[in-house]
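Thanks for sending this one over. Here are a few notes to read beside the structure.

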Amino acid sequence: MTDGGVWAGVVSVVLAVLAVICAVQVFRFDSMARATYALLGSLLCVGGEVLLLGLDYLGVVIVLMMTVEMALMGVFMVMFMMNPGGLMPMTMVHNARGAAVISGLVFAGLTAGIFLVPWPVSRTRAPADPTHDLGRALMGPHMLTMMTLGLALFAAIVATVTLATARGRYGPSTPAPPHGPKGPEHPDETEAPERPHEQEAAPERPHVREDSPHAHSREDLTPSHGRQDPAHPRETGSPAHPHGREDPS
Amino acid sequence: MSLDVFLLLAAALFSVGLYGVLSQQSVVMLMMGLELMLGGVIVAAAAVWHFLFAGADAQVLVVVAVTVMAVEMAVGFAVVTALFRTREVDMTDMAAELKE
């Protein structure tokens with residue numbers, strides 16, 4: 001093996017170890033931003049592995065796409081997650097032990113398959129320009145695949161815009177808050193010191209029934225997790241909703 | 001480096017992602033697990049291309065996996081946005097009305 005081959009092997013092992021470590025850290029970090037960066041690191045290592053395997057074009061595509069995708073994911077993390085900076089301990093898992101057992105069994109099964117299957121020996125040499133090969137395949141025998149992928153991407157664009165726009169069919173359906181155009185008349189605005197008193201009557205969550213099989217999730221989300229903080233106006237049913245929209249009336 | 005090492009990496013990524021998909025309550029974290037699983041598929045397809053079949057089929061599989069990642073991320077975030085707008089829900093346990 002040449003020096004280049006040895007170095008490629010070393011880099012490949014390092015990237016593989018880094019990819020797995022970053023993947024595990026995704027679900028261990030408290031900070032959502034760090035989890036996003038860990039996922040980015042793992043997927044960049046995947047792109048590096050693809051580059052080392054000789055698929056230059058696809059490796060670069062993966063690296064560029066994952067970088068932009070994780071940047072977008074970071075924005076959504078800050079938008080939706082209650083603890084983007086990881087300033088408080090946070091655990092948002094259900095059935096973690098069962099999930100660990102299932103994933104461990106899957107890993108064991110896949111590993112057994114890897115070492116027990118008699119893999120064939122390759123009799124074909126890698127093409128000099130795999131990108132050229134890929135292009136000819138997509139424009140030739142795999143044209144149907146390419147057309148299907150194009151339609152899927154187009155459908156994804158339409159579905160994304162339809163779902164995400166606020167004025168569409170899936171826009172806000174909650175009734176208008178009972179206050180006039182001058183703004184909410186909730187005591188929050190005039191009696192700020194009384195907020196702790198409100199919190200006692202607040203924690204009723206409108207979308208989780210007491211007899212619901214999902215009622216246990218409320219216990220999982222203790223105030224230390226940040227999401228179920230009774231002081232959060234979402235829980236109070238207050239018209240002064242932080243994410244609320246203006247009363248159209 | 002041999003095919004086994006790359007397939008082991010792929011299996012590890014797939015399993016870690018599967019753990020995330022099964023255990024996470026946040027929809028966004030769940031999608032992170034899906035991304036990891038698809039990353040494992042990409043590594044496996046690239047390794048099969050390099051070590052076993054140097055034709056274009058494995059490359060096409062990588063293209064399909066990358067496209068699925070993009071579609072999953074876009075539609076997933078759109079669904080989360082729609083859910084959050086209408087129900088203020090971003091957790092899987094709270095978006096299970098169809099089970100009731």
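How many helices and strands are there in chain B?

1. Chain B has 3 helices and 0 strands, in the order α-α-α from the N terminus. Helices (H or I, at least four residues) and strands (E, at least two) are DSSP runs, numbered from the N terminus.

2. A word on the basis: this is a predicted model, where local features need pLDDT of at least 70, side-chain atom pairs count only at pLDDT 80 or more, and totals for chains, interfaces and linings use all residues. Residues are numbered from 1 along each chain as its sequence is written, while chains are lettered from A and ligands numbered from 1 in the order in which they are written.

3. Helix 2 of chain B (residues 27-51) has 25 residues and should span 36 Å at 1.5 Å a residue, which agrees with its end C-alpha atoms being 36 Å apart; the expected span is 1.5 Å times one less than the number of residues. Of those 25 residues, 23 are buried (20 or more other C-beta atoms within 10 Å of the residue's own, with C-beta atoms placed from the backbone; exposed is 12 or fewer, partly exposed in between). Across chain B, 65% of the 100 residues are buried.

4. The C-alpha atoms of chain B fill a box of roughly 50 × 25 × 20 Å along the principal axes.

5. On the interface, 76 residues of chain A are in contact with 68 residues of chain B (C-beta atoms, placed from the backbone, within 7 Å). Helix 4 of chain A gives the largest share of chain A's side, 11 residues.

Definitions and conventions
Contact = placed C-beta atoms within 7 Å.
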